[in-house]
Amino acid sequence: LEILVTILNMNDNSPVFKQMNLTEVVPEDTKVNATIVAREDLSATDADLDTISYELTTIVPGTDGYFAIKGVNSPEIYLQKALDYEKFKFTTLVLYARDRPAGSIDTTNTATTTINIFIEQADTKSPWFLPCTFINMENNICISSPYTGRINISEMSTEPLILEPGPIYAIDPDYTLNEKIMYSIVGGNTDNVFSVDADTGNLTMNKVATSPDSYLLQVMATQVNNIQKYSIVSVEIKVINKSDYPPFFESRIYYGTVFVGLAPRSFVFHTGDTSSPLMITAADDDFPNV
């Protein structure tokens with residue numbers, strides 16, 4: 001008598017990952033759709049030889065939507081949305097492996113592995129001149145105001161010029177990289193009157209200004225390691241006549257008289273001469289004929 005015996009494969013084994021914990025460092029400027037973790041590093045095995053289904057979840061709030069798997073049967077993780085180091089620097093993913101499709105009524109065995117992802121800041125931003133004002137916090141766009149200063153006509157200053165709202169200064173907004181910045185004048189420097197220190201940004205004079213016309217300089221801040229990362233700011237230098245004397249009031253004390261019941265914006269009159277409006281005047285010996 002010949003008896004044929006068929007052994008039925010019982011689902012008594014759970015999927016197994018090679019590693020229960022993985023750590024990946026991902027540069028901020030990684031291209032969308034690039035592979036973050038390869039399939040061979042994430043594929044689970046099953047002693048029952050079942051087809052494994054995968055599901056990826058994110059457990060750090062605010063970091064959903066950046067990473068995904070290629071498909072329900074392909075655990076390869078890829079970048080789904082552009083990264084921004086300012087928004088988050090770390091996230092944790094959990095990959096599930098199941099030996100039955102989602103929604104199956106059969107007994108399902110599940111395994112998990114955890115993927116910790118650290119975002120590494122990349123050189124993505126050009127220098128910012130300070131102070132600057134954020135106009136778009138979402139995209140970290142900071143706009144600088146022009147610098148202004150004054151010099152005396154036909155007078156040579158040997159010290160760095162004093163500017164408003166402060167000295168010329170730029171930073172690398174990729175602050176963990178903090179690349180070195182160098183400065184140069186790229187426009188408006190008629191007759192080469194001014195120089196800028198490449199390292200400090202201090203603005204100095206090479207010669208006297210002989211024209212009363214203002215100078216509108218264009219100063220560039222460039223990253224030393226990448227000349228394609230640069231910003232330009234305007235610096236207006238006004239040329240004025242030198243002031244040797246301070247202005248002064250023509251009287252130390254002025255006396256005025258007002259009458260009860262006068263309407264707002266009515267004149268105040270000289271005390272002792274109620275027919276003459278009170279006038280407060282100042283003079284300046286730099287302008288004796290004015």
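# Briefing: aromatic pairs, domains and a sheet

Phe 134 counts as partly exposed, at 39% relative accessibility; buried means under 20% relative accessible area, exposed over 50%, and partly exposed in between, with a 1.4 Å probe and protein chains only. The model is predicted: local features need pLDDT of at least 70 and side-chain atom pairs count only at pLDDT 80 or more, while totals for chains, interfaces and linings use all residues. Residues are numbered from 1 along each chain as its sequence is written, and side-chain values use heavy atoms, with hydrogens and water left out.

**Domains**
- The protein is divided into domain 1 (15-120), domain 2 (128-240) and domain 3 (247-289); these bounds come from an automatic or database domain assignment.
- Taken over C-alpha atoms, the centres of domain 1 and domain 3 are separated by 81 Å.

**Aromatic pairs**
- Eight aromatic pairs are found in a search of the whole structure; rings of Phe, Tyr and Trp (its six-membered ring) pair if their centres lie within 6.5 Å, and planes under 30 degrees apart count as stacked, over 60 as edge-to-face and the rest as tilted.
- One of these pairs, Phe 90 with Phe 118, is tilted, at 4.8 Å centre to centre and 45 degrees between the planes.
- This pair links distant parts of the chain, 28 residues apart: Phe 90 lies in strand S6 (residues 90-98) and Phe 118 in strand S7 (residues 110-120). Strands (E, at least two residues) are DSSP runs, numbered from the N terminus.
- Phe 90 is partly exposed at 31% relative accessibility, and Phe 118 is partly exposed at 39%.
- Trp 128 and Phe 134 form an edge-to-face pair, with 5.5 Å centre to centre and 85 degrees between the planes.
- Within that pair, Trp 128 is buried, with a relative accessible area of 16%, whereas Phe 134 is partly exposed.
- Phe 259, Phe 267 and Phe 269 are linked into a cluster by ring pairs.

**Charges over rings**
- The charged end of Lys 81 sits over the ring of Tyr 66, 4.4 Å from the ring centre; this term requires NZ of Lys or CZ of Arg within 6 Å of the ring centre and within 35 degrees of the ring normal.
- The charged end of Lys 89 sits over the ring of Tyr 85, 4.8 Å from its centre.

**An open sheet**
- Three strands, in the order S20-S21-S22, form an open sheet with antiparallel pairing; two strands pair if DSSP finds at least two bridges between them.
- S20 (256-257) and S22 (273-277) stand at the edges with a single partner strand each, so one side of each is left without a neighbour in the sheet.
- S20 and S21 (residues 269-270) run antiparallel and are joined by two bridges; Gly 256 has His 270 in S21 as its bridge partner.

Notes: Helix = DSSP H or I, 4+ residues; strand = E, 2+ residues; numbered from the N terminus.
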